[in-house]
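Me: I have a chain on screen. Please show me how to read its features, one at a time.

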Amino acid sequence: DTIFLVHMVVFSITNGYIGSIIMMYGPKMLSLRVHQGQAASILVSFLVLGLAVGAVFSGLLVKLL
């Protein structure tokens with residue numbers, strides 16, 4: 001169990017760091033403010049979509065097991 005816990009800690013730290021960097025600097029790569037707002041909205045939409053899909057699949061996986 002220890003090796004899985006270490007993997008989860010490493011993945012959570014790196015994913016949180018990389019995700020935060022992308023959410024901060026992704027919109028700043030665009031020059032127009034209007035496009036920056038749209039890019040930020042798209043990033044948030046995909047983040048929420050990914051969390052929702054992950055939650056649904058984890059529920060299905062628990063029911064299958």
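Reply: Start with one side chain. A polar atom of the T14 side chain lies 2.9 Å from the backbone oxygen of V10. A polar contact is a pair of N or O atoms within 3.5 Å; within protein, one must be able to donate a hydrogen and the other to accept it, and residues adjacent in sequence count only if both atoms are side-chain atoms. T14 lies in helix α1.

Me: What should I know about the model and its numbering?

Reply: The model is predicted: local features need pLDDT of at least 70, side-chain atom pairs count only at pLDDT 80 or more, and totals for chains, interfaces and linings use all residues. Residues are numbered from 1 along each chain as its sequence is written, and side-chain values use heavy atoms, with hydrogens and water left out.

Me: How many helices and strands are there in the chain?

Reply: Helices (H or I, at least four residues) and strands (E, at least two) are DSSP runs, numbered from the N terminus. This chain has 2 helices and 0 strands. Its radius of gyration is 16 Å, well over the 11 Å that the globule rule gives for 65 residues, so the chain is more spread out than a compact globule. That radius is taken over C-alpha atoms; the rule is 2.2 Å times the number of residues to the power 0.38. The C-alpha atoms fill a box of roughly 50 × 25 × 10 Å along the principal axes.

Me: Is Q36 buried or exposed?

Reply: Buried means under 20% relative accessible area, exposed over 50%, partly exposed in between (1.4 Å probe, protein chains only). Q36 has 16% relative accessibility, so Q36 counts as buried. Buried residues make up 5% of the 65 in the chain.

Me: Which residues does Q36 touch?

Reply: Contact means heavy atoms within 4.5 Å. Leaving out residues up to four places away in sequence, Q36 touches P27, K28, L30 and S31. The Q36 side chain also reaches the backbone oxygen of L30 at 2.8 Å. Q36 itself sits in helix α2.

Me: Where is L32?

Reply: L32 is in the loop between α1 (2–25) and α2. At 49% relative accessibility, L32 counts as partly exposed. The C-alpha atoms of L32 and D1 are separated by 49 Å, with the two residues 31 apart along the chain.

Me: Is F57 buried or exposed?

Reply: F57 counts as exposed, at 54% relative accessibility. F57 belongs to helix α2 (residues 33–64).
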